[in-house]
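This briefing looks at aromatic side chains and at the charged groups placed over their rings. Please read it alongside the sequence and the model.

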Amino acid sequence: MDPPSSPFHLPTSLEPCRIDALPPAAYYIADFISEEEEEAILHKVETAPKARWRQLTHRRLQTWPSDLVKDTLLDSRPLPDWLETPIVSRILSLPVADGEPNMFADSPHGRPNHVLVNEYPPNTGIMPHKDGSAYYPVVCTVSLGSSLCLNLYKSKEDGALDPEPVWRILQEPRSLLITTADLYSEYLHGIEPISADVDISEQTIANWSLLRSSVFRDGLNQRQTRTSLTYRDVLKVSKLGNKLGSRFGRS
Ligand SMILES: O=C(O)CCC(=O)C(=O)O
């Protein structure tokens with residue numbers, strides 16, 4: 001929890017941050033972390049041991065505390081401090097609505113236990129996909145460094161992907177996006193590998209009224225490198241991981 005003297009003012013619940021234009025349910029908080037916190041996390045990402053990075057064809061990523069094997073988290077160590085504080089405590093401090101518990105109250109571990117760090121230089125994206133059955137269906141994404149659009153897609157009647165996104169969500173640096181329920185299970189999400197997001201307007205961006213910035217009013221977002229932290233609760237955690245952890249002196 002943030003101390004009462006924290007200059008940081010989060011909403012008292014997620015309800016005012018609901019993206020009304022989307023099916024249930026998605027929430028967007030533009031100012032979820034401060035510029036200093038963003039800088040400190042980016043420093044940790046950049047100075048992580050080289051072995052932490054997995055290089056894909058166009059993108060590189062880190063997984064904390066480890067990869068999944070057959071949808072199971074093998075390493076049950078807690079998240080490192082820099083991924084835990086302040087982000088997890090803030091997520092858990094946010095009730096879905098006044099008087100209700102937080103998003104993870106009913107998840108198996110009551111909190112996110114896994115983080116993917118994805119780095120997207122300009123012209124880099126991620127193919128439309130669903131996150132599948134390994135996770136509790138709540139995804140919390142913190143964006144760092146630059147803005148970009150996350151596209152939401154629907155499958156056509158014949159099961160093929162409709163290549164035209166049904167919605168676009170603009171994610172600014174330091175923002176938190178939460179997607180859950182139908183948005184988790186029924187829709188695909190992806191990021192186009194382009195250098196600039198175009199045609200950005202009130203008509204085309206689902207979370208327009210919740211954005212911090214007005215610098216997109218010319219309809220263009222020139223991308224810089226954007227790093228994302230994706231927090232989820234992996235349903236299955238290996239008991240073997242626990243045993244190995246204590247045997248080798250891990251916390
Ligand atoms: O980086 C993002 O915002 C999306 C990441 C994503 O879709 C995933 O890790 O499954």
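The notes below take up the aromatic pairs and then the charges over rings.

This is a predicted model, in which local features need pLDDT of at least 70 and side-chain atom pairs count only at pLDDT 80 or more, while totals for chains, interfaces and linings use all residues. Residues are numbered from 1 along each chain as its sequence is written, and side-chain values use heavy atoms, with hydrogens and water left out.

**Aromatic pairs**

- The structure holds two aromatic pairs, a pair being rings of Phe, Tyr or Trp (its six-membered ring) with centres within 6.5 Å, called stacked if the planes are under 30 degrees apart, edge-to-face if over 60 and tilted otherwise.
- Tryptophan 64 and tryptophan 82 are paired edge-to-face, at 5.4 Å centre to centre with 85° between the planes.
- This pair links distant parts of the chain, 18 residues apart, with tryptophan 64 in strand β3 (residues 60-64) and tryptophan 82 in helix α2 (residues 81-84); helices (H or I, at least four residues) and strands (E, at least two) are DSSP runs numbered from the N terminus.
- Tryptophan 64 and tryptophan 82 are both buried, that is, under 20% relative accessible area, where exposed is over 50% and partly exposed in between (1.4 Å probe, protein chains only).
- The ring centres of tryptophan 167 and tyrosine 187 are 5.5 Å apart and their planes stand at 65°, so this pair is edge-to-face.
- Tryptophan 167 is partly exposed, with a relative accessible area of 23%, whereas tyrosine 187 is buried at 10%.

**Charges over rings**

- Arginine 60 lies over the face of tryptophan 53, 3.6 Å from the ring centre; the criterion is NZ of Lys or CZ of Arg within 6 Å of the ring centre and within 35 degrees of the ring normal.
- Arginine 232 has its charged end over the ring of tyrosine 135, at 4.0 Å from the centre.
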